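Take a look at the sequence and the coordinates below. The text then goes from one chain to the contact between chains, and ends at a single residue.

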2 protein chains.
Amino acid sequence: MLSPIKNTKVYEQVMEQIKAMIADGTLKKGDKLPTERELVEMLQVSRTSVREAMRAMEIMGLIECKQGGGNFVRDNFENNLFEPLSIMFMLEKGDTKEIIELRKILEVETVALAAARITEEELLSIGNIIEDLKHSINEETAVKIDKRFHYEIAKASKNSLIISILNAISSLIDAYIKNARTKILAEGDNKVLLSSQHEKVYIALKKHDAAEAAEAMRQHLDFANKYMSK
Amino acid sequence: MLSPIKNTKVYEQVMEQIKAMIADGTLKKGDKLPTERELVEMLQVSRTSVREAMRAMEIMGLIECKQGGGNFVRDNFENNLFEPLSIMFMLEKGDTKEIIELRKILEVETVALAAARITEEELLSIGNIIEDLKHSINEETAVKIDKRFHYEIAKASKNSLIISILNAISSLIDAYIKNARTKILAEGDNKVLLSSQHEKVYIALKKHDAAEAAEAMRQHLDFANKYMSK
């Protein structure tokens, strides 16, 4: 239950109470939050504090404010407005090598999980992505489709924590894919090679063969990484 | 450079401009941000919008507001006030199995990176942690030391992205370690077993043997996971 707030950092405590309502199941995905006025009364805090807390949670991608309709817990967590992890990465002056390492660690194992759990519908969708990628003429579109390929595989792993992490660094991964593709495609027949690598991952997923899928993804990422290290 | 803002979602754009200053290196770790008054003038926005943006970035753990001293870019990103990834995990009704999967994926590979990169100083610190853990009487303290063990290894990997990710889900990992230890220690001689597992990881790190470190970590996590699945 909500209870009045006494301490100093007020907006922080408003958020803690919302978090507690999420933790105990009172608030679920898609639910409407109490109105700002209700929160002010329930928690005995200023309207400014409530609004700061709401804004912060909106920016983090946890809630959405519908115009004139109040605040809602979001029901999907794609497309965050702001990615703290990506910004920390910039502040730490992280280099591309770190993104390479993380992708190899996460995506090789994630595709293995996906191989075991992928549904027919998800296979169909990945099959379509590969066809679209093969026939894409515009590189800007191709980058978007390539990202989609990796993201759909993560989704097929059914591990929401891994999916959220990849979402939280989505702009870093996007930039990586964009740069890697530019470097790879600068060389002759690499478009065919790239597309056969994607296909190998897809075939392994269709066979639900975790080891083969992991190996195909490892080869694909090693290939991309080789160009990024040049 | 900062430029005046025209659009509607004002606080969001204030954040984008701060982000741009971080991306281009104008703002670095530990730097003082322009004052709220200066931002109001430079960006031609309301004080409320500036304050909302600052609050949101403070809550995300990107900046800190020193009392009477203005806003600073943080120089370390431990101890976030709020963890959006952990909250998304709750909203997705993620179960413990997902944390197990992620830890196995991340930590087994991270300890392998750490084996190659760990410094003498870091080895000393991990050695001390193991001694402290062996002699801890109070379980509440032991949980904290155990967390420290895993976190120091991540730090020794020198991959700031992996470190930030582990920080961003720190409360999930804490809860996991706490529960796992309770279940493990409920059985007879497990304290000795647990401590020998930590020691094996440490010995492999001292030898800078990546494969042995990964295997020791895998065995340690498998052991913990077995109890968590009971």
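How many bridges join strand E1 of chain A to strand E2 of chain A, and do the strands run parallel or antiparallel? There are four bridges, and the strands run antiparallel. E1(A) covers residues 63-66, and E2(A) covers residues 70-73. One pairing can be picked out by eye: Cys65(A) has Asn71(A) as its bridge partner in E2(A). Three residues lie between the strands of this hairpin. Gly68(A) has a positive phi there, near 70°. As a rule, side chains in a regular strand alternate between the two faces of the sheet. Keep in mind that this is a predicted model.

Now step back to the whole of chain A. Its domain assignment gives two parts: domain 1 spans 10-73, and domain 2 spans 84-228. The centres of domain 1 of chain A and domain 2 of chain A, taken over C-alpha atoms, are 35 Å apart.

Next comes the partner chain. Chain B and chain A bury about 5400 Å² between them. Carbon and sulfur atoms account for 73% of that area. The contact draws 57 residues from chain B and 56 residues from chain A. Charged and polar pairs are present too. Six salt bridges cross the interface of chain B and chain A. There are also 16 residue pairs in polar contact between the two chains, counted with both residues at pLDDT 80 or more. On chain B, five helices each supply at least two residues to the side that touches chain A: H1 (10-23), H3 (47-59), H4 (84-91), H5 (96-117) and H8 (160-168). H5(B) gives the most, with 10 residues.

Two side-chain pairs show the interface in detail. In the first, Lys29(A) and Glu92(B) form a salt bridge, at 3.0 Å from N to O. In the second, the side chain of Ser160(A) makes a polar contact with the side chain of Glu98(B), at 2.7 Å.

Stay with Ser160(A). Where does Ser160(A) sit in chain A? It lies in helix H8 of chain A, residues 160-168. Is Ser160(A) buried or exposed? Its relative accessibility is 10%, so Ser160(A) counts as buried; the cut-off for buried is under 20%. Which residues is Ser160(A) in contact with, leaving aside its neighbours within four places in sequence? They are Phe89(B), Glu92(B), Gly94(B) and Glu98(B).

Terms used:
Residues numbered from 1 in each chain as written. Chains lettered and ligands numbered in written order. Heavy atoms only, no water. Domains from an automatic or database assignment. Buried < 20%, exposed > 50% of the residue type's maximum accessible area, 1.4 Å probe, protein only. Contact = heavy atoms within 4.5 Å. Polar contact = N/O pair within 3.5 Å; in protein donor to acceptor, adjacent residues only side chain to side chain. Pairing = 2+ DSSP bridges. Buried area = accessible area lost by both parts, 1.4 Å probe. Salt bridge = Lys/Arg side-chain N within 4 Å of Asp/Glu carboxyl O.
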